[in-house]
Amino acid sequence: MTFSKELEAKFADLVTHYPPGRERAALIPMLLFAQDEVGAVTPEVVEEISRRLRVSPLEIEEVVSYYSMLHKEPRGKYHFQVCTNISCMLLGGMELFEHLKARLGIDNHGVTPDGLFSLEEVECIGACSWAPALQVNYDYHHWVTPEKLDRLIEDLRKVS
Amino acid sequence: MLYNEPHPLEVRVLTRRFGLPNSQSIDTYLATDGYVGFRKALEMPPERIIEEVKISNLRGRGGAGFPAGLKWSFVPRESPLPKYVVVNADEGEPGTCKDRVLMENDPHQLIEGMLIAARAVGAETGYIYIRGEYRYIIDILDRAIAEAYARGYLGRNILGTGMNFDVYTHTGAGSYECGEESALLESLEGKRGQPRIRPPFPAVSGAFGCPTVLNNVETFCAVPAILRDGGAAFAALGTPRNGGTRLFALSGHINRPGVYELPMGFNLLRMIEEVGGGVRQGRKLKAVIPGGTSCPVLKAEECDVAMDFDSVAKAGSMLGSGGVIVMDETTDMVKVAVRVMRFYQHESCGWCVPCREGTIWLRKILERLDAGRGQPSDIDLIAEVSRNMLGRTFCPLGDAAAMPTISYVEKFREEFEARLPKKVPVPAEAPLVVV
């Protein structure tokens, strides 16, 4: 399979960061960057990276199943990751998560039928002093309220 | 940029550039004593650099509080193997968000800290292992690294001294366990984040089996000031054996949450009342987690404590990562205990049985109690299972799950008892089966 020119350049640079013979170190960044472009760690992605880094597909599966950000199924175009850990929970994180479930009509790890939104309850995202917080893809949103969430969903619908 | 209003009680050493225009840029950095500490280090023999860090009483800011200079001194300089400098930027301890602001507001301070460590141990390569969720910070760091290369602070023959040092960012992909140093090294090498058996410690056999200096972001960020102003000056800011300042992340039921830099040993009650503006809505303080969720909870009456490693330990908890989580009188401690255990169960890597099984069973028993389906014996069972985990795992995650749980049950037992069904217990709806 082929990746974009930008990603190929990134990969070519990435493998030079590690000592000779230790290119496997590039595995996790490569999987995450490939997932960003392809939308999921598909069997084709596994096969391609396996070939490039000379790591068996089984060993790659081992890694993929360990890390919570790596996923084999596609997610929505906008992936909502709501933190419900203590600092966020104390300020309404759980309620935000429930609000999103109802608003999007999906459960934890669900994807809306139009593929636009998906939802995940996540552990601490390092935004404790600006809680409650969530991430949409890689973007942080702090001091979130149900009203702010509704506006955010509207805005994301409009730009799509 | 992510940065709260500073407080007059703050002592700004690591955060001194926060709020300056373009605080991320190397020009701002150089105009404000940037790379001065490193230039000094270049004139010093490596042993003197380590000695200066020892004098500073800088202790590991990731949570363990191990003396940084001592850790550096364990690296065998005479070893023919390459040496590495690795930054733990996997900030994942719930309640903790200080490394994020340090990297976002002043990325060059971290790079300078790495350079000084590299000079001290003779390393030529450094990695910043950073949690995958912090993608935008990886971009900030990559830009700063590129600037440092362009100005001759990184790369070959640095500032004409013959020193070589390369720095790379390395993204994680979602795992709390990878904040544990040996699991981090496994992850850096492209594997599942499972801890390694120690000894050997990373100083002797770390990244790629080579001697490695591995510290938290905040630890490295303190080093430029230590070299610039001297270890003694840094030590004098704190309390005996606890040098310098500390970034405290205040969160929870508090009027002015935020990340504040305060001297080591700052009183916790004062931190909450004066720096944090007190408990929200004039409510009463119920409890505080002083250093991230791995630390045993302190009841309000236990909070008159100096926030340094030794004093908090004497009070029966830990200073940990500096994540101060404030809980007011409305807080349901059973729900807190359940949520904390759900976290540890999710993040347990599964390598050690006491942690893998212990966290699952504790979560189930706690959830059963919370749902009003518990049995009277459950409360003691929680404490018993927790005690059986203590000290029986390769890495501290098992302890991190068990210690706070014991504290919730012991200190707020009446809240757990109040959850017990009033009538004769009916058979549990959900049987306790491992899935």
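Start by selecting domain 1 and domain 3 of chain B: 10 residues of domain 1 are in contact with 8 residues of domain 3. Here, two residues are in contact if their C-beta atoms, placed from the backbone, lie within 7 Å. On the side of domain 1 of chain B that touches domain 3 of chain B, you will find 5 nonpolar, 3 polar and 2 charged residues. In this count, Ala, Val, Leu, Ile, Met, Phe, Trp, Tyr, Cys and Pro are nonpolar, Asp, Glu, Lys and Arg are charged, and the others, Gly among them, are polar.

A word on what you have open: this is a predicted model, in which local features need pLDDT of at least 70 and side-chain atom pairs count only at pLDDT 80 or more, while totals for chains, interfaces and linings use all residues. Residues are numbered from 1 along each chain as its sequence is written, and chains are lettered from A and ligands numbered from 1 in the order in which they are written.

**The domains**

Colour chain B by domain: domain 1 covers 26-237, domain 2 covers 245-328 and domain 3 covers 333-417. These bounds come from an automatic or database domain assignment. Taken over C-alpha atoms, the centres of domains 1 and 3 of chain B are separated by 34 Å.

Next, show chain A as a cartoon and look for 4 strands that form an open sheet with mixed pairing, in the order β2-β1-β3-β4. Helices (H or I, at least four residues) and strands (E, at least two) are DSSP runs, numbered from the N terminus, and two strands pair if DSSP finds at least two bridges between them. In chain A, β2 (117-122) and β4 (139-141) each have a single partner strand, so one side of each is left without a neighbour in the sheet. From one strand to the next, the twist averages 25°.

Select β1 (residues 78-83) and β3 (residues 134-136) of chain A: they run antiparallel and are joined by 3 bridges. The bridge partner of A:Phe80 is A:Val136 in β3(A).

**Where the chains meet**

Show both chains: 33 residues of chain A are in contact with 48 residues of chain B. On the chain A side, α2 (27-38), α4 (57-66) and α5 (86-89) each supply at least two residues. The most come from α2(A), with 5 residues.

**A helix and an arginine in chain B**

Is B:Arg192 buried or exposed? B:Arg192 is buried, with 21 other C-beta atoms within 10 Å; a residue is buried if 20 or more other C-beta atoms, placed from the backbone, lie within 10 Å of its own, exposed if 12 or fewer, and partly exposed in between. Look for B:Arg192 in the loop between α8 (181-188) and β5 (212-216) of chain B. Beyond its neighbours within four places in sequence, B:Arg192 is in contact with A:Glu62, A:Val63, A:Tyr66 and B:Glu186.

Finish on α8(B), where 7 of the 8 residues are buried, so the helix is largely enclosed by the rest of the structure.

Definitions and conventions
Axes are lines fitted to C-alpha atoms, for helices over the stretch in contact, and angles run from 0 to 180 degrees between N-to-C directions.
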